[in-house]
Structure formats: C-alpha cells, structure tokens
Amino acid sequence: MLTFLIAAHNDPRHLSRLIGSLPGGSRFVVHIDGKTDITPFEQLLGGRSDVCFIQERVKVMWGSICHVDCQMRMIRKALELHAPQEGDYFVMLSGLDYPLWSNSRISKFFADAQGREIIVTQCMEHQGSQADIYRQHRPLNYKPWKYGSMKSKFRVALRKMLWALGFRKPLRFRADGSEYVLYKGSMNWAITPDLAQLALKYWDEKPEYVRYFHDGHGPDETFIQTITAHSEFASRAIIVDGPFRGMESVTPLHYVDYAHGTKVFTAADFQTLIDSGKMFCRKVTTAESSTLLDMIDRHRQAEEQACL
C-alpha cells in the first residue's frame, strides 16, 4: 500500500484534487499548518475514510525544526494505521504538488522498487560555501513570528550577529554516543515503513541528535537524510558523491523550478513538466494552474489508456 503524507497550509480545493488524482487504494495522512483554519479542508475531505487529518497540529515556520515535527507526527500516525505488507511506501508530498505520471505508472514504480529507499542524501562536509547555510546557528527560527515583525527582525539580527562573531555549527558532530556527518537531500522522498520507524525512534529517543537540528537550517532536508546515511538503509538509498550541484540533483521524484523561487506553474510550463520525466511537480494552485492541471489530467488519462 502507498501512504501519502501530505503537509498543506492553503488551497483546500487543490488538496482535494491532489488526493483525488492519486492511486486508488492508497491512504492519506494530512497535516494542515497550525496557523491555518482546518475547517475548509475537513469540509472537502472529512467524509473520506482513506484520509486521516493530524489533530494535534504544528505551527510550521519555513526552514525550521517544525517541519520535522510535522513529518514525525504524520509518520507516527501512518505507522499506527499501518498493517505491514510487502512493497509498502510512505510518500512525502506538499499540498501544492500534483502527479505527472499515470496512476498505473506510479503503482508499478513502487511495486518494482522492491524495498529501495527513494531518498537522496549527500554529504555536506567539504562542500565549501555551499554548506555555509548549514553552519549557521538559527536560534528561535521555530517561533511562529510573523515575517517582517520586530520579533522576526530580531531573530534575523541574532543569526547574523552569531555568524559575524565566528560561531559555526559543525558539519561533523557527536550525539547520543555516536558520530555523524551532516547529509542533505530533498524534503520529498518515498521511504519504507522500516526506515520511517527508525526516523521516529531517533525523534523520540535521541534528544542530542534532535537538538543538533533544532537551530539548523532546513532540517526537513537533513534530519532523515543524515539518519539514512548512517544506518543500514544507506545501501538501499541514493547516495550522491562529489560536489553539491543544487537541489535539482537531490530531488528524486519532483520537478521544482528552484531557480525562480519554486515558481507556480501554469499552462505554459506543460511540456517542460512532461519532459522532466519526474513523477510529481511543485508548485501548482487552483487560482493559477487550473488549465495546466486539466492538461496534465488529459496526459495522464492517455498514458493510463496506453497501459491497458
């Protein structure tokens, strides 16, 4: 079974369309940002037995440990609902994603994966300036302070002051009796329940490990990736060697236009998305992408027919 873990913060209509587009027989565990009114999402999807909303929600702040907290809450619920079967995967999505492949192709991909971990992880040690952002201490970045407010400006000033004074987070660190090197990947992955269980164990039982990421940048891109690289699952994951060449090189399933600040795709981007060969795209919205989504649906239907 595929269990889709979906972190959403807006556009309930698109979330409903996304869930409706994915393979039948899947399960959906959904976290709605704690800063967002959950009512419209529940009104659209609350009647579906295959959708489970996380009730104790996190106020998610970009680039903070809140993202990992959100992921762990979804993993915990998915494991509670999970009856182990061969070929199961937990697939991490955002609420502004959309599939580019037909459901038959998606299902076949995971059936053929045979327990491989579809997560990319790359060592950030010896990456020069590419790793500088991960060497910053970012205190208070988990606080739900409005961007541009005095509190937010204070947080930014504190980060810059610590950097100017020479304080650096080590990329190699010890925690709970073990040594780790920081690894990085994408916040999106598809992992087996076994790896998900290990990640949750770290969250619950390794406080020093969690503390290292608490004031780090983008732990949703490093927390599970570092666990994977230092575990038995490394041989089943995608390890990238050499210089870090940008987020595109560590994002296995999604097409994201990182060059333009994760732009919102429109109909003009249709062929680029299809030619990417990726399973999903981000980001799309009801307001700006409806024509594109209709085009993608027709493409997926045609691909589905070709598989019959």
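I searched the whole structure and found one cavity of 30 Å³ or more. By cavity I mean a set of points on a 1 Å grid over the protein atoms alone where a 1.4 Å probe fits but cannot get out. This is a predicted model, so I note that local features need pLDDT of at least 70, side-chain atom pairs count only at pLDDT 80 or more, and totals for chains, interfaces and linings use all residues. Residues are numbered from 1 along each chain as its sequence is written, and side-chain values use heavy atoms, leaving out hydrogens and water.

How big is the largest cavity? Its volume, the space filled by probe spheres set on the grid points (joined across faces, edges and corners), is about 50 Å³. Its lining residues (an atom within 4 Å of a point) are Y134, K169, L182, Y212, F213, G216, H217 and T222.

Next I looked at helices, which are DSSP runs (H or I, at least four residues) numbered from the N terminus. The axes, lines fitted to C-alpha atoms over the stretch in contact, of α1 (residues 12-21) and α10 (residues 286-307) come within 12 Å and cross at roughly 10°; angles run from 0 to 180 degrees between N-to-C directions. The pair α1 and α10 is therefore roughly parallel (under 35 degrees). In contact (heavy atoms within 4.5 Å) are R13, H14, R17 and S21 of α1 with T286, S290, L293, D294, D297 and R300 of α10.

Last, I checked α4 (residues 103-113): its axis and that of α10 come within 8 Å and cross at roughly 65°. Here N103, S104, R105 and I106 in α4 meet R300, E303, E304 and C307 in α10.

Note on methods. 1 Å grid on protein atoms, 1.4 Å probe; cavity = no way out; pocket = protein on both sides within 12 Å on 5 of 7 lines; lining within 4 Å. Helix = DSSP H or I, 4+ residues; strand = E, 2+ residues; numbered from the N terminus. Parallel < 35°, antiparallel > 145°, perpendicular 65-115°, else oblique.
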